[in-house]
2 protein chains.
Amino acid sequence: MPSPPITSLQNQRVKDAAKLRERRQRDKQGRILIDGARELLRAIEAGLELTEVFVCPSLCQTDDSRRVLDLLDRTRAEILHVTPEVFGKLAFGERAEGVLGVARTPGARLADLDPPADALLAVVESVEKPGNLGAVLRSADAAGVSAVIAAGRGVDLYSPNVIRASLGVIFTLPVAAATAEETKAWLASRNVRIYAARVDARQLYTETSYAGGAAIVLGSEAAGLSSVWSGAAVTPIKLPMHGAADSLNISAAAAVIFYEALRQRAAR
Amino acid sequence: MPSPPITSLQNQRVKDAAKLRERRQRDKQGRILIDGARELLRAIEAGLELTEVFVCPSLCQTDDSRRVLDLLDRTRAEILHVTPEVFGKLAFGERAEGVLGVARTPGARLADLDPPADALLAVVESVEKPGNLGAVLRSADAAGVSAVIAAGRGVDLYSPNVIRASLGVIFTLPVAAATAEETKAWLASRNVRIYAARVDARQLYTETSYAGGAAIVLGSEAAGLSSVWSGAAVTPIKLPMHGAADSLNISAAAAVIFYEALRQRAAR
């Protein structure tokens, strides 16, 4: 039996969890916040180390939130019942599915990735918008990409908005955060060929073979790619661009290239 | 010379324009609101019938907004100077580029579309989220799709959020709104082959030839496609889906299929 519901917004556990919406607090506490029943389900399925799950039973109305409740005994999380008012503070009223998780921040270390030698990998450099990073993760997941590396300094991989935009695939898909230099060196050490999507490339993405180990590198729409992704070890590739706008959204561009690689691999 | 700047939030012109954020008022006034200098630039380039442009000179700091000012004499729009406070009300503080347009609602009639016989067309049915509809328009523009038809009842094609998410390509790309039945009949009358993206399809999108006139039909992630898009005249196609999530975002799925059609066409 859980203890009686927490009724106070001043409860320290509630306050500490609510603070996890701030990056500084996530870094300090070494924990992250998981909104949304679907996202929490994926975290549980992926074996994430949940420390607490806040539950407001009267708000658990969706199939996904009921399924989370069924699976909670698989985790070592402490279950904290809260009133709707307290849940509203924690969930910011954004998600009213009655469950909210707190987990230890996953390591997301490059050294822990071990994709197969012929894997298709994705690198996203300095994509600042959480919605875009999450959407790229979703495209990578759908296309069967083996791992996604967020390259850059101080990438905020596990912000609540990235988690949500990824629909929780950030937990089920192997991911890592590292600097661009570390990422490039790691790819080289594994003999992975590197293809960088650039608007000024001459080679079309469809005239490129993605056989063997291959990494697709994508930059933000605003900043493009850093100079790390130049030089002999990197093949620049481009998508043909018609129409009035300069570029596809990064998650759409990512999906197009991932699926072309997938098409070529399936055809072999 | 423009008249002296409007300083009052109670000014009727300002109030009427601000009301255009509501759909009911757009329908009633037969006018739309165009936020953002880039979007307004595309509207001017596309020859949209602008009736008014609100300008706050001190806020016009970007290249795009200065370019709008340069092009204003190409339009018949009345130029109304406003103070930063008044502009803030009109623009909701969302866009502070100092220019905001009001235009007659484009007809967006199916009968006015006249794509080439071998055109690649896109149909999006009942995509309610403005961000998704705008993003599909952007994917279609980038891939060189000839026209996009928003199918369904009461599609709100020109909401400010669709315009913004499309980066303004909604003005440069031929678009129409019609019911699904009208759209299907129009496609049939032009001998356009119809391919409907469905998760339960058996035929892969890569095993499909998009030669000749072809229309790709996409539904919302939540609702899927209506029964109009079943039957002998429609070929269901699917994207292979790996990973944990059920589906790609609609604009990413759209981009993948459009670019596959483009790849096949370029290869011929």
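## Helix α10 of chain B

In this predicted model, helix α10 of chain B runs over residues 250–267, and its 18 residues reach 26 Å from the first C-alpha to the last, close to the 26 Å expected at 1.5 Å a residue. Of these 18 residues, 13 are buried, so α10(B) is largely enclosed by the rest of the structure.

## Where the two chains meet

The contact between the chains involves 28 residues of chain A and 28 residues of chain B. On the side of chain A that touches chain B, at least two residues come from each of α6 (130–143), α8 (169–172) and α10 (250–267), and α10(A) gives the most, with seven residues. Sorted by class, this side of chain A holds 16 nonpolar, eight polar and four charged residues.

How are α10(A) and α10(B) placed where they pack? Their axes lie 8 Å apart and form an angle of about 45°, and the two helices are therefore oblique to each other. The crossing of α10(A) with α10(B) is right-handed. From α10(A), the residues Ser251(A), Ala252(A), Ala255(A), Val256(A) and Tyr259(A) take part, and they meet Ser251(B), Ala252(B), Ala255(B), Val256(B) and Tyr259(B) of α10(B). This contact is made up of eight nonpolar and two polar residues, with no charged residues.

## A helix pair within chain B

Two helices of chain B, α3 (residues 37–45) and α4 (residues 63–71), also pack against each other, with axes 8 Å apart and an angle of about 30° between them. Because angles under 35 degrees count as roughly parallel, α3(B) is described as roughly parallel to α4(B). Their crossing is left-handed.

On the α3(B) side, the contact is formed by Ala37(B), Arg38(B), Leu40(B), Leu41(B) and Ile44(B), which meet Asp64(B), Ser65(B), Arg67(B), Val68(B) and Leu71(B) in α4(B). The residues of this contact divide into six nonpolar, one polar and three charged.

## Helix α6 of chain B

Helix α6 of chain B covers residues 130–143, and at 1.5 Å a residue its 14 residues should span 20 Å, which agrees with the 20 Å between its end C-alpha atoms. Is α6(B) largely enclosed or largely open? Since 12 of its 14 residues are buried, α6(B) is largely enclosed by the rest of the structure.

Notes
Residues are numbered from 1 along each chain as its sequence is written. Chains are lettered from A and ligands numbered from 1 in the order in which they are written. This is a predicted model: local features need pLDDT of at least 70, side-chain atom pairs count only at pLDDT 80 or more; totals for chains, interfaces and linings use all residues. Axes are lines fitted to C-alpha atoms, for helices over the stretch in contact, and angles run from 0 to 180 degrees between N-to-C directions. Helices (H or I, at least four residues) and strands (E, at least two) are DSSP runs, numbered from the N terminus. Angles under 35 degrees count as roughly parallel, over 145 as roughly antiparallel, 65 to 115 as roughly perpendicular and the rest as oblique. A crossing is left-handed if the near helix is turned anticlockwise from the far one by less than a right angle, and right-handed if clockwise. Two residues are in contact if their C-beta atoms, placed from the backbone, lie within 7 Å. Ala, Val, Leu, Ile, Met, Phe, Trp, Tyr, Cys and Pro count as nonpolar, Asp, Glu, Lys and Arg as charged, and the others, Gly among them, as polar. The expected span of a helix is 1.5 Å times one less than its number of residues. A residue is buried if 20 or more other C-beta atoms lie within 10 Å of its own, exposed if 12 or fewer, and partly exposed in between; C-beta atoms are placed from the backbone.
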